[in-house]
Amino acid sequence: MRCVLFTKPKPVTLSLLKHMVESGDEVEAVILYGAERYIDTPLVAYAREHAVPIVDFVVCDEFFDRFSVRELDAIWCCTFPRLIREEWIGKADVAVNFHGAPLPEYRGVFAYNFAILNGDDVFGVTAHLMNGSFDTGDIVEVERFSYDCASGSVAELVALSDEHILALFRRVHEQLKQNGCLTAVPQDLSCGHYYSRDDFEEAKRIPPGASAADVERRIRAFWYPPYEGAYREVEGERFYPVTREILRELGQ
C-alpha cells in the first residue's frame, strides 16, 4: 500500500511505522509538526534507516501537490497535533486517525486526564475517518477496555491505551490491505463532550474550599511529569501539591 503517516515521535507511533514497513507498505512520508525538533528521536532514525522521507508539516501543500486525487491508498494519523486538511485527505482512498480515547465520549485533547478526573471504569481507543475537523469523522472501530480510573494513574492509562492503539492499527491496516476499503458508521455527535485546552487548564486549578477527595483526584488526574500538574494559586503564584502515594512512588 502507498501511504503517509502524520504523527509525533513516541514509542507507539514508532511501532506503527515499523508495522507498515515490515508489511511491505510504500511509505511516501512521515509528516511531523516541527520536524527539526525530532532529529534525534528513534522514529526519525528508523525512518532514515528504511529510506522513509521525513516531511515537515509546513510544506505539506507542496508535498501533496505531487499526488492526484486518491492516488494514495491510505493516510494514517496518530497523535498529530494539527488538523489534516480536506484537500490532503482527498489524495487517499481512506484517511484514518487513531484517537487515544473512546468516541464519541471523549473528543478533543487530554482525554486520559479527564478520564481519571471523571473516575471512569471503562476507557478505549478509536479508529475514525478524518473529515477536516477534529474527532467528528465516521467510526471504523472503538476498542474498549476495563480500567479503574478512580484509583489509577495517567501514566498507567497512557501505557495501556498505547497497547490497544497498536492492536487496533494492526487490525484496521490488515482490513484495508485485504479488502481495499473500510466500513464505518457515523458518530452521534449529540453524545460525549469535546475537551479543549481551556477545559484542561481550568480543571487543573484546585478551587478554594475543595474537599480532600477532590484535591486528591485532581492531583492524580494531572500528575504526569515533566508536565505541570494540578495547582493551588496563592497571591498570583502557583503551587503544585503531591500526595503521600506519589512521594512513596518517587522514593522507590
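Visitor: What makes the pair R70 and D93 a salt bridge?

Guide: A salt bridge is a side-chain nitrogen of Lys or Arg within 4 Å of a carboxyl oxygen of Asp or Glu. The closest N and O atoms of R70 and D93 are 2.9 Å apart, and the pair therefore qualifies. Please note that this is a predicted model, in which local features need pLDDT of at least 70 and side-chain atom pairs count only at pLDDT 80 or more, while totals for chains, interfaces and linings use all residues. Residues are numbered from 1 along each chain as its sequence is written, and side-chain values use heavy atoms, with hydrogens and water left out.

Visitor: Which parts does the pair of R70 and D93 tie together?

Guide: R70 belongs to the loop between α3 (60–64) and β4 (72–78), whereas D93 is in strand β5, so the bridge ties together parts that are 23 residues apart in sequence. Helices (H or I, at least four residues) and strands (E, at least two) are DSSP runs, numbered from the N terminus.

Visitor: Why does R70 count as exposed, and how does D93 count?

Guide: Buried means under 20% relative accessible area, exposed over 50%, and partly exposed in between (1.4 Å probe, protein chains only). R70 has 53% relative accessibility and therefore counts as exposed. D93, at 33%, counts as partly exposed.

Visitor: What else is to be said of the backbone at R70?

Guide: R70 has a positive phi of about 60° although it is not a glycine. T79 also has a positive phi, near 60°; T79 lies in the loop between β4 and α4 (86–89) and is partly exposed at 29%. Most residues other than glycine have a negative phi, and most peptide bonds are trans.

Visitor: Where are the cis peptide bonds described here?

Guide: One joins L103 and P104, with omega about 10°, and P104 is found in the loop between β5 and β6 (106–108). Another joins P225 and P226, again with omega about 10°; P226 lies in the loop between α8 and β10 (232–234).

Visitor: How many salt bridges does the whole structure hold?

Guide: A search of the whole structure finds 15. One of them pairs D214 with R217, the closest N and O atoms being 2.9 Å apart. These two residues are three apart in helix α8, which means a separation of about one helical turn. D214 is buried at 12%, while R217 is partly exposed at 30%.

Visitor: What makes R220 and E216 a salt bridge?

Guide: Their side chains meet at 2.9 Å, N to O. R220 and E216 are four residues apart in helix α8, so about one helical turn separates them. R220 is buried at 11%, and E216 is partly exposed at 30%. Elsewhere, salt bridges that share partners join R2, E26, E28, R66 and E71 into one network.

Visitor: Against which helices do the buried residues of α8 pack?

Guide: They pack against α5 (111–118), α6 (154–179), α7 (197–204) and α9 (244–251). The buried residues of helix α8 (residues 212–222) are D214, R218, I219, R220, A221 and F222.

Visitor: Why is I116 called buried, and which residues are in contact with it?

Guide: I116, found in helix α5, has 0% relative accessibility and so counts as buried. Contact means heavy atoms within 4.5 Å. Leaving aside neighbours within four places in sequence, the contacts of I116 include Y147, L157, R217, R220 and A221.

Visitor: How do you know that N97 is buried?

Guide: N97 has a relative accessible area of 10%, and therefore counts as buried. N97 lies in strand β5 (residues 92–99). Its contacts, beyond neighbours within four places in sequence, include C77, C78, H128 and D135.
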